[in-house]
Amino acid sequence: MFKIHVYKSVDEVSQKAFEIVKKIVDVDHPVTLGLATGSSPVGMYARLVEDHEKNGTSYKQVSSYNLDEYVGLPKGHLQSYLSFMNENLFDYVDIPRQNIHMPSAHSDDLKKDAQEYSKAVLAAHVDVQVLGIGSNGHIGFNEPGTPFDSITHVVALKEETRQDNARFFNSIDEVPEYAVSMGITEIMAAKKIVLIAIGNKKALAVKEMIHGKIREEVPCTILQKHPDVVLILDKEAASLLDD
Ligand code: F6R
């Protein structure tokens, strides 16, 4: 079930997402967060950091599981999702390092690691999963056609996703072709989902997510079956929704 919030500015979008996550971090102890990278949650993370610094909100009892990680980037690469999380959140709050979990992207047996990650995420009972959405409707890196019963797996990134993410690299050639992503199963198992969508490029995917037929060709449509999804949209991302 969707609760939909539409705001005029990206600042208001970020503020709303921040308020929801902060409330859970404040109230529930211990807490498990499911986290996303990408541009959509950046303003939310900035507010969480500011709030930690100003108000002392503590992450000592927080564990985190990230949605995905690129395969093929050297450890510590600036565009790895671990680097992103360090720069946007982990380095600035008091979350214990051992509580931070990213999908393994550097082992000889990525498939086995992915299965173990899936078990760990499910056992951790994510309290709130933060999501962005791809212009093609992907959630995590569950690209169009991913089975709804998928668990954490190695993904070949679609061309449009590599194009979308090329802005973070010097050129499209540097964008990895593979990633490890939580599956739809782990995302749907989260108690609550907060999905942030900003900009015109997301408008069609947002419309499909809410009104489209539930189908694997548009992965986000599965969210119609989740009992507690908060959609936080700017007016561009909401531009194809009826009033
Ligand atoms: C990131 C992730 C992706 C992004 C999506 C939107 O961890 O799993 O699904 O959320 O590609 O990316 P942005 O926010 O950069 O538009």
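**Entry 1: Asp-68 and its strand**

I began with Asp-68 in this predicted model, and I found that Asp-68 stands opposite Ser-181, a residue of β8. I then looked up Glu-69, whose bridge partner in β8 is Val-180. Looking at the two strands as a whole, I noted that β4 and β8, the latter covering residues 178–181, pair in the antiparallel sense over four bridges.

**Entry 2: the sheet**

Which strands make up the sheet, and in what order do they lie? I wrote down three strands in the order β4-β8-β7, forming an open sheet with antiparallel pairing. Because β4 (68–71) and β7 (153–156) stand at the edges and each has a single partner strand, one side of each is left without a neighbour in the sheet.

**Entry 3: the ligand**

Where does the ligand sit? I found the ligand in the largest pocket. There are 13 residues around the ligand, and those that come nearest are Ser-40, Asp-68, His-138, Gly-140 and Lys-202. Asp-68 was already in my first entry, as the residue opposite Ser-181 in β8.

- For Asp-68, an N or O atom of the side chain is 2.5 Å from an oxygen atom of the ligand.
- For Thr-37, a polar side-chain atom lies 2.9 Å from an oxygen atom of the ligand.
- For Arg-167, an N or O atom of the side chain is 3.0 Å from an oxygen atom of the ligand.

How much of the ligand does the protein bury? Taken alone, the ligand exposes 410 Å², and I noted that the protein buries 93% of that area.

**Entry 4: a backbone angle at His-125**

His-125 has a positive phi of about 50°, although it is not a glycine. I set this beside a general rule from my reading: most residues other than glycine have a negative phi.

Technical notes. Residues are numbered from 1 along each chain as its sequence is written. This is a predicted model: local features need pLDDT of at least 70, side-chain atom pairs count only at pLDDT 80 or more; totals for chains, interfaces and linings use all residues. Side-chain values use heavy atoms; hydrogens and water are left out. Two strands pair if DSSP finds at least two bridges between them. A residue is near a molecule or strand if one of its heavy atoms lies within 4 Å of it. A polar contact is a pair of N or O atoms within 3.5 Å; within protein, one must be able to donate a hydrogen and the other to accept it, and residues adjacent in sequence count only if both atoms are side-chain atoms. Accessible areas come from the Shrake-Rupley method with a 1.4 Å probe; for residues, only the protein chains shown count as cover. On a 1 Å grid over the protein atoms alone, a cavity is a set of points where a 1.4 Å probe fits but cannot get out, and a pocket is an open set with protein on both sides within 12 Å along at least five of seven lines; lining residues have an atom within 4 Å of a point. A molecule sits in a cavity or pocket if more than half of its atoms lie within 2 Å of its grid points.
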